[in-house]
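The following note sets out points on the structure shown below.

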Amino acid sequence: MEDKSNAAPALADLNEAQRRHSMTRFAVLQPYLEGDTPLACIARDAGVPIRTVERWLACYRRDGLAGLARRVRGDAGTHRLPTDLVTLIEGMGLKKPRSSSLSVILCAGHNQRRGGVLC
């Protein structure tokens, strides 16, 4: 069975911004695809690293225009930290005077070691 989790969406499923983004990337690739310009020149003219343009080309060849759209992360909008730790860190960030980054990190580490006891 094929894994569809990393598959490009169908072109019809893209929103307007994603379609514009795909077309912008396609416009960069088009001179190469027509056989007029080497990939290195295209990358230089676009101000994009050659490896990035190579990735775009591979995505285009594999999935067409839809492959050039930015993919939405599967974990977008979620935290990998426990909810109580996120709450602690956000609370420390809102405190007046603001806690330094180091004190937030130290407190969060201390909190984790003590099993969720607040600093």
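Which residues of H4 are buried?

1. The buried residues of H4 are Leu85, Val86, Leu88 and Met92, where buried stands for under 20% relative accessible area, exposed for over 50%, and partly exposed for what lies in between (1.4 Å probe, protein chains only). Seen down the axis of H4, these residues fall within an arc of 160°, so they line one face of the helix; the arc is that of the directions from the helix axis to the C-beta atoms. Exposed Thr83 and Leu94 are carried on the face of H4 turned away from its buried side.

2. Basis of the values. This is a predicted model, in which local features need pLDDT of at least 70 and side-chain atom pairs count only at pLDDT 80 or more, while totals for chains, interfaces and linings use all residues. Residues are numbered from 1 along each chain as its sequence is written, and side-chain values use heavy atoms, with hydrogens and water left out.

3. Overall content. The chain has 5 helices and 0 strands, and its pattern along the sequence is α-α-α-α-α. Helices (H or I, at least four residues) and strands (E, at least two) are DSSP runs, numbered from the N terminus. Of the 119 residues of the chain, 24% count as buried. Among contacts between residues at least 6 apart in sequence, 50% join residues at least 24 apart, a contact being heavy atoms within 4.5 Å.

4. Length of H4. Helix H4 comprises 12 residues (83-94), which at 1.5 Å a residue should span 16 Å; its end C-alpha atoms are 17 Å apart, which agrees. The expected span is 1.5 Å times one less than the number of residues. Glycine 91 lies in H4 and is partly exposed, with a relative accessible area of 37%.

5. Packing of H1 and H3. Helix H1 (residues 16-33) packs with helix H3 (residues 50-63) at an angle of about 85°, with their axes 10 Å apart. H1 is therefore roughly perpendicular to H3, the class for angles of 65 to 115 degrees, as against under 35 for roughly parallel, over 145 for roughly antiparallel and oblique for the rest. Axes are lines fitted to C-alpha atoms, for helices over the stretch in contact, and angles run from 0 to 180 degrees between N-to-C directions. H1 contributes Arg25, Phe26, Val28, Leu29, Tyr32 and Leu33 to the contact, and H3 contributes Val53, Trp56, Leu57, Tyr60 and Arg61.

6. Glutamine 18, in helix H1, counts as buried at 19% relative accessibility. Leaving aside residues up to four places away in sequence, glutamine 18 touches Asp13, Ala69, Arg70 and Val72. Aspartate 63, in helix H3, is partly exposed, with a relative accessible area of 28%. Aspartate 63 and leucine 11 are 52 residues apart in sequence, yet 9.4 Å apart in space, C-alpha to C-alpha.

7. Helix H2. In H2 (residues 39-46), the residues Leu39, Ile42 and Ala43 are buried. They cover an arc of only 100° around the axis, which puts them on the same side of H2. The cover over the buried residues of H2 includes H1 and H3. Arg44 and Asp45 are exposed, on the face of H2 turned away from its buried side. Just after H2, glycine 47 takes a positive phi of about 70°.
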